[in-house]
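Please keep the sequence and the structure in view while reading.

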Amino acid sequence: MSFIDVNHLSKTFKVAKRNSGLKAALKSFVNRKYVSIDAVKDVSFKINKGEIVGYIGPNGAGKSTTIKMLCGILKPDSGSISINHMSPFEERKKFVKDIGVVFGQRSQLWWDIPAEDTFDLLKVIYKIDDKEYLETKNKLVEMLDIKDVIKMPVRQLSLGQRMRCEIAASLLHKPSILFLDEPTIGLDAVSKEKVRNFIIEINKKYKTTVILTSHDMNDIEALANRIILIGRGSKLFDGTLNDLKAKFGNCRKVTIITNDTLKKFNKKGVCKRTKTDIGYEFIIDINLISISSFVNYVGEYVDISDIDIDSDNIDNLIIKLYQEYNI
Amino acid sequence: MDLYFKALGMHIKTSCEYKLSSIINFIAQFFVMFSDYFIIIALFSKFGNIKGFTLYEILLCYSIIQLGYSINDVFFKGLDDFSDIIINGMFDRLLVRPRSLLIQILASKVSLVRTSRIIQCIGIMIYSIINLDLELNLIKVIVLLLMIIGSVVIFFSILLLMSGLSFFTVQGLEIKSLFTYGGKQIAQYPIAIFKKYIVLFFTFVIPYGLVNYYPYLYFLGRNDNVFYAFAPLGTLIFLGISLVVFKLSSNKYVSTGS
């Protein structure tokens with residue numbers, strides 16, 4: 001059996017349906033209609049110890065729901081999860097000792113006092129013994145370069161500093177699995193780099209299994225050797241980044257700067273078109289249409305004052321992928 | 001419990017971060033409740049007694065209930081604000097930690113500035129007892145302690161019960177205020193001064209009477225029934241029920257997907 005074994009996982013939410021306006025609100029108060037939403041539908045995968053897996057998908061695809069079920073916060077409607085021979089929901093207290101969770105948008109640090117105090121509280125929560133705690137803390141502090149940072153009240157920290165403290169906090173009890181839900185959200189390039197390097201380092205050093213969700217495709221590119229793509233609750237792709245590129249990596253983003261307006265057109269190979277302030281952005285598939293014929297085609301209708309072609313970017317790839325699966 | 005005390009230390013540290021505001025709040029909280037006492041004193045200067053209870057008897061009863069309420073307000077504030085924990089998603093964080101949910105909820109918030117209320121209640125309690133001219137013996141002291149404990153237990157149980165329900169309603173329940181603030185307003189007086197059905201309700205449904213009436217008669221020497229003396233222990237049944245409700249609802253709780 002694999003380290004993480006997920007079989008036919010499903011979760012449905014009941015959401016109250018209401019229209020806008022006061023009248024509708026009153027109406028829904030009396031007679032509320034519910035709509036079932038399949039947040040996760042029949043998802044299965046296996047993950048081995050020491051892997052870094054990028055779990056990606058657009059907003060509302062079911063990423064967070066899956067992560068919550070893996071952490072034991074949510075109970076699946078059907079299907080099974082086995083992580084390290086434990087069922088997250090059934091054996092919550094025993095299970096969560098072995099996982100670390102970072103919710104990028106939600107802090108677990110106490111706002112008004114130094115992060116080090118939160119660390120001390122976590123020591124009590126996880127019942128870590130003194131010697132081990134000091135050892136782990138010092139190592140994490142050194143690796144994340146937050147020696148002075150943890151002595152300041154959290155409210156005075158920059159986002160990057162806080163996120164590094166946040167990550168340290170979730171690793172104090174040396175979990176064998178780390179869940180990172182958008183760990184680099186809102187960080188600048190330097191902080192992102194630091195966080196990424198750190199994740200790679202602990203993965204190498206301690207064989208920590210990392211499951212990562214992110215909208216920043218550079219995160220995924222830098223960290224994950226394997227990608228699981230989810231859309232509308234279903235698993236769409238599971239494989240390495242190279243597989244993904246081989247399959248869909250024929251997309252280019254073409255930015256055209258022009259003052260003219262371009263009327264709608266349908267051309268094979270043009271996946272996506274967006275109007276910007278200064279012109280248009282296209283995603284095109286170079287297997288179906290060559291750059292030169294595309295530019296020629298557009299050039300017939302508008303006066304192109306500048307052009308930018310963005311090669312093999314993973315963001316484009318994902319946009320194409322979403323389109324392919326119609327999500 | 002080690003977790004709770006560790007967190008308590010951190011709450012004290014947080015209060016120290018905002019020195020001036022903590023001091024001002026501490027003093028303000030002290031005066032907030034004084035107005036209540038003035039009303040009682042004004043009332044008695046007019047009427048002399050209420051259904052045979054004198055001013056100091058009422059003050060003592062009042063301070064016992066207030067003390068139970070204030071202790072909850074200071075040390076178990078996390079439970080009072082539990083619906084916030086659910087709404088802002090903090091509850092998910094509690095679920096990924098290997099500790100009991102209740103302890104974590106209690107540790108999440110403490111309102112230290114309100115300790116001034118506790119000090120005030122104890123002051124008024126001692127002042128009333130001195131003026132009551134009672135013969136205090138060991139049993140009576142025990143009964144008094146039981147009344148205080150019972151008062152803490154009742155308010156705690158109500159908060160717990162309401163927290164259990166807020167798993168389903170998500171939004172905080174105003175009905176909670178009905179039982180805590182409203183109940184407190186009633187329970188501050190020995191319930192005998194009210195109508196029969198109110199007495200029954202506050203004996204068997206929300207057992208304030210077990211704290212401030214039956215044992216109180218014994219304490220004042222108006223009744224010798226031993227059952228009356230140890231009635232506050234009955235609040236433990238209420239606590240038990242609340243614990244079960246809380247446990248069952250937290251097991252049923254399903255967090256939202258986002």
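The model is predicted. In this model, 32 residues of chain A are in contact with 29 residues of chain B. The points below begin with that interface and then turn to pairings and sheets within chain A.

**Interface of chain A and chain B**

- About 2,900 Å² is buried between chain A and chain B, and carbon and sulfur atoms give 59% of this area.
- The rule finds 4 salt bridges across the interface of chain A and chain B.
- On the side of chain A that touches chain B, at least two residues each come from β1 (4-17), α2 (63-71), α3 (92-96), β5 (99-103) and α4 (115-125) of chain A. The largest share, 7 residues, is supplied by α4(A).
- Sorted by class, the side of chain A that touches chain B holds 17 nonpolar, 11 charged and 4 polar residues.

**Salt bridges in the whole structure**

- Over all chains, a search of the whole structure finds 26 salt bridges.
- One of the salt bridges is formed by the side chains of K11(A) and D77(A), at 3.6 Å from N to O. K11(A) belongs to strand β1 of chain A and D77(A) to the loop between α2 and β4 (78-83) of chain A, so this pair ties together parts that lie 66 residues apart in sequence.

**Mixed sheet of chain A**

- An open sheet of 6 strands in chain A has the order β5-β6-β7-β3-β8-β9, with mixed pairing.
- Its edge strands are β5 and β9 (234-239) of chain A, each of which pairs on one side only.
- Direction ignored, neighbouring strands of this sheet are turned by 15° against each other on average.
- β5(A) runs parallel to strand β6 (residues 177-181) of chain A, and 5 bridges join the two. In this pairing V101(A) has F179(A) of β6(A) as its bridge partner.

**Antiparallel sheet of chain A**

- A further open sheet of chain A has 4 strands in the order β11-β12-β10-β13, and the pairing is antiparallel.
- β11 (270-275) and β13 (306-310) of chain A stand at the edges with a single partner strand each, so one side of each has no neighbour in the sheet.
- From one strand to the next, the twist averages 15°.
- β11(A) is joined by 5 bridges to strand β12 (residues 279-285) of chain A, and these two strands run antiparallel. In this pairing K272(A) stands opposite I283(A) of β12(A).
- Helix α10 (residues 291-301) of chain A lies across β10 (251-257), β11, β12 and β13 of chain A. The helix α10(A) runs at about 30° to β10(A).

Conventions. Residues numbered from 1 in each chain as written. Chains lettered and ligands numbered in written order. Predicted model: local features only at pLDDT ≥ 70, side-chain atom pairs only at ≥ 80, totals over all residues. Heavy atoms only, no water. Contact = heavy atoms within 4.5 Å. Buried area = accessible area lost by both parts, 1.4 Å probe. Nonpolar A, V, L, I, M, F, W, Y, C, P; charged D, E, K, R; others polar. Pairing = 2+ DSSP bridges. Axes fitted to C-alpha atoms, helices over the stretch in contact; angles between N-to-C directions.
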